[in-house]
Amino acid sequence: MAKFIKIFLILIVLYHVLITVIQYGIFGGAHPNLPAILRDGIRFVFVVCIIIFYTKEFGSYLKKRKRPWICLIVLAAFSVGVSYLKGKGISDMLIGIKYGFLYLPIFLSATFLWHIRNNKEKNLKHTTYNMQHFLKRVKYFLITTLIVWFIRQITKFIRPNRFMTIGYGPFQDFVFGAKPPIYYLTGFHGTSRRQWIFSWPNNYGYFIIAFLPAIIVLCKVKRQWIKLRMSNKQAIRNTLFIALRIAAIIATLSRTAAIGWIIGLAIMNFQWIKKHKKIARWLGVIVLLWILGLSALKWASTLGHIQAKFGSIKYVLQSPSGYGLGTSWPAVHHNGTILPENYFIQLILDIGTIWFILRALLIRQIQQICNKIKRYTEDKQTLIYQLRMALTIGWLALLIMWLFLHVFEDSMVNYIFFILRGLMSGWLFAEVKREV
């Protein structure tokens with residue numbers, strides 16, 4: 001099980017590169033949906049097999065986690081029912097579920113995987129030791145990925161023709177179904193943006209922001225299992241790594257990533273801001289000017305986003321019951337017709353206001369898992385408390401980013417963030433349950 005997760009995560013990290021090389025470099029763009037179907041199908045079969053093989057553990061797991069699963073099933077059933085009444089086909093429904101709810105079963109199934117691991121490891125010290133190594137692997141997995149793809153971006157400038165021979169297209173903006181550009185631009189003849197290993201600069205920004213609070217904790221915290229203080233060399237390496245991640249955020253030229261970054265850092269450093277209000281105020285002004293500068297640099301995009309957001313509200317008022325799954329946003333590349341540029345409005349357009357409320361209840365059920373962790377972690381210096389807070393802050397930052405873009409249209413973000421978040425949340429909950 002552990003080996004499958006490791007291999008799957010590595011393949012997901014390489015997914016965009018592999019698809020570009022195989023789909024466009026070798027097969028010339030044929031069968032564009034096949035790789036995603038194979039990827040999602042493989043993981044679905046894996047989860048089903050795990051449930052069948054660990055039926056007893058799944059029963060004990062449902063006793064603790066049945067509410068979010070029941071909410072998810074009811075939400076999916078109502079969404080499909082509404083879509084059927086609206087005349088939507090199976091393809092539209094699958095597309096709507098993928099872009100609207102896929103991250104939810106990914107997260108919940110990952111908490112079940114750690115539940116199995118926890119039941120197999122009855123020894124507290126042994127389980128903690130395993131989590132210590134797991135967190136180290138997560139940290140160095142993210143470090144290696146960042147450094148390797150910094151080097152890769154440099155080689156794109158040095159040898160652009162080499163990349164174009166393996167499936168990449170010239171500098172341009174996104175065109176659905178066409179070769180992904182070697183670099184995206186802010187507009188026609190605009191400034192180049194870095195998408196790194198992802199299919200789009202904004203998607204890479206989502207990924208960086210989601211993990212940034214947890215990475216800061218893993219890089220600076222004095223772990224419970226290590227008695228010695230962090231060495232100077234370790235501190236320098238960790239500081240450099242965090243600086244590289246911030247540089248990566250800036251290089252994406254993503255306004256949404258900038259907003260998510262500021263929100264995450266502000267929440268993590270709230271007490272510092274209260275003590276240094278004047279400095280914080282000036283930093284806020286600098287950040288605001290930076291975001292305004294990016295908006296001016298991409299003025300056509302900024303204007304388009306504003307028009308799309310306000311223009312989509314009329315569709316909500318015309319049909320509060322929704323238009324059925326696969327109607328809006330990423331679905332416009334298939335049979336969708338509305339581009340709201342706001343994930344929350346997208347959900348209302350697809351499943352209606354009633355089912356949007358039901359989905360909010362599901363998110364509440366999931367958040368209660370984190371609340372239970374908080375209840376038993378009053379000591380703010382423990383790794384459990386700090387990791388729980390970091391995961392929650394990353395989640396809150398993504399929620400804010402939803403107001404401006406579709407955060408989870410990229411399955412790389414869905415799988416990498418929510419598998420790791422689900423495993424960590426499962427461990428944290430198991431740890432605090434042991435303590436009470």
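Okay, let's start with a helix pair: Leu75, Ser79, Val80, Ser83 and Tyr84 in α4 meet Met93, Ile97 and Phe101 in α5, where contact means heavy atoms within 4.5 Å. By class, that contact of α4 with α5 has six nonpolar, two polar and no charged residues. For the classes, Ala, Val, Leu, Ile, Met, Phe, Trp, Tyr, Cys and Pro count as nonpolar, Asp, Glu, Lys and Arg as charged, and the others, Gly among them, as polar.

Before going on, a word on the model. It's predicted, so local features need pLDDT of at least 70 and side-chain atom pairs count only at pLDDT 80 or more, while totals for chains, interfaces and linings use all residues. Residues are numbered from 1 along each chain as its sequence is written, and side-chain values use heavy atoms, with hydrogens and water left out. Helices here are DSSP runs (H or I, at least four residues), numbered from the N terminus.

Back to that pair. The axes of α4 (residues 55–85) and α5 (residues 90–101) come within 11 Å and cross at roughly 140 degrees; axes are lines fitted to C-alpha atoms, for helices over the stretch in contact, and angles run from 0 to 180 degrees between N-to-C directions. That makes α4 oblique to α5, given that under 35 degrees counts as roughly parallel, over 145 as roughly antiparallel, 65 to 115 as roughly perpendicular and the rest as oblique. The crossing of α4 past α5 is right-handed, meaning the near helix is turned clockwise from the far one by less than a right angle, with anticlockwise being left-handed.

Next, α11, which has two partners to show you. With α9, the axes come within 9 Å and cross at roughly 20 degrees, so α9 is roughly parallel to α11. This crossing is right-handed. On the α9 side the contact includes Tyr206, Ile209 and Leu212, and on the α11 side Trp261, Leu265 and Met268 are among the residues.

Arg255, Ala258, Ile259, Trp261 and Ile262 in α11 meet Val287, Trp290, Ile291, Leu294 and Ser295 in α13. That contact has eight nonpolar, one polar and one charged residues.

Last, the second largest pocket, with about 610 Å³ of space. A pocket is an open set of points on a 1 Å grid where a 1.4 Å probe fits, with protein on both sides within 12 Å along at least five of seven lines, and lining residues have an atom within 4 Å of a point. What lies nearest its centre? Lys220, Ile267, Met268, Asn269 and Ile393, out of 20 lining residues. α16 gives the most to this lining, with five residues.

Terms used
Grid points are joined across faces, edges and corners, and a volume is the space filled by probe spheres set on the points. Helices (H or I, at least four residues) and strands (E, at least two) are DSSP runs, numbered from the N terminus.
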